[in-house]
Amino acid sequence: SLLASNKRFLSINFGSNNIRTMGGTELPHFLASNATLQELYLANNGLDDNDAELIAQALKRNTNLQELFLGGDNITAIGRTALSKANFDSTSLN
């Protein structure tokens, strides 16, 4: 798969593709390990708070991502809080 290919990308658009982690770690692992990724579009995939939690954990290890698009997903205040905490976690800064 694209995520398992170990290729480096600057921008990926997975918008409107019914992508969900469903508890899996492939997408979060890719996000955490792809140091060159600057933009990730995940809008309109039906992602939920559980997905947001996994993405937030990955964001703690990815210090280069500049834009993450999640509009149109099913993320509530719980998921937004997790993402916000990961985004503003000073321990993840270089």
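Asp 51 is buried in this predicted model, and its relative accessible area is 2%. Arg 20, by contrast, is partly exposed, at a relative accessible area of 33%. A salt bridge joins Arg 20 to Asp 51, with 3.0 Å between the closest N and O atoms. Together with Asp 48, these two residues belong to a network of salt bridges.

**Salt-bridge network**

- The count of salt bridges comes to two.
- One of them pairs the side chains of Asp 48 and Arg 20, at 2.3 Å from N to O.
- Asp 48 is located in the loop between β2 (39–41) and α2, whereas Arg 20 is located in the loop between β1 (11–13) and α1 (26–33), so this pair ties together parts 28 residues apart in sequence.
- The other salt bridge is that of Arg 20 with Asp 51, at 3.0 Å between the closest N and O atoms.
- Here Arg 20 again belongs to the loop between β1 and α1, while Asp 51 sits in helix α2; the pair therefore ties together parts that are 31 residues apart in sequence.
- In general, side chains of opposite charge can pair when their charged atoms come close.

**Packing of α2 and α3**

- Helix α2 spans residues 49–59 and helix α3 spans residues 77–87; their axes come within 8 Å and cross at roughly 5°.
- Angles under 35 degrees count as roughly parallel, and α2 and α3 are therefore roughly parallel to each other.
- On the α2 side, the residues that meet α3 are Asp 49, Ala 52, Glu 53, Ile 55, Ala 56 and Leu 59.
- On the α3 side, the residues that meet α2 are Ile 78, Gly 79, Ala 82, Leu 83 and Ala 86.
- By class, this contact of α2 with α3 comprises eight nonpolar residues, one polar residue and two charged residues.

**Overall architecture**

- The protein chain contains three helices and three strands.
- Read from the N terminus, its elements follow the order β-α-β-α-β-α.
- Of contacts between residues at least 6 apart in sequence, 82% join residues at least 24 apart.

**Burial and surface**

- The protein chain has 94 residues, of which 36% are buried.
- Asp 51 is one of the buried residues, at a relative accessible area of 2%.

Methods:
Residues numbered from 1 in each chain as written. Predicted model: local features only at pLDDT ≥ 70, side-chain atom pairs only at ≥ 80, totals over all residues. Heavy atoms only, no water. Axes fitted to C-alpha atoms, helices over the stretch in contact; angles between N-to-C directions. Helix = DSSP H or I, 4+ residues; strand = E, 2+ residues; numbered from the N terminus. Parallel < 35°, antiparallel > 145°, perpendicular 65-115°, else oblique. Contact = heavy atoms within 4.5 Å. Nonpolar A, V, L, I, M, F, W, Y, C, P; charged D, E, K, R; others polar. Buried < 20%, exposed > 50% of the residue type's maximum accessible area, 1.4 Å probe, protein only. Salt bridge = Lys/Arg side-chain N within 4 Å of Asp/Glu carboxyl O.
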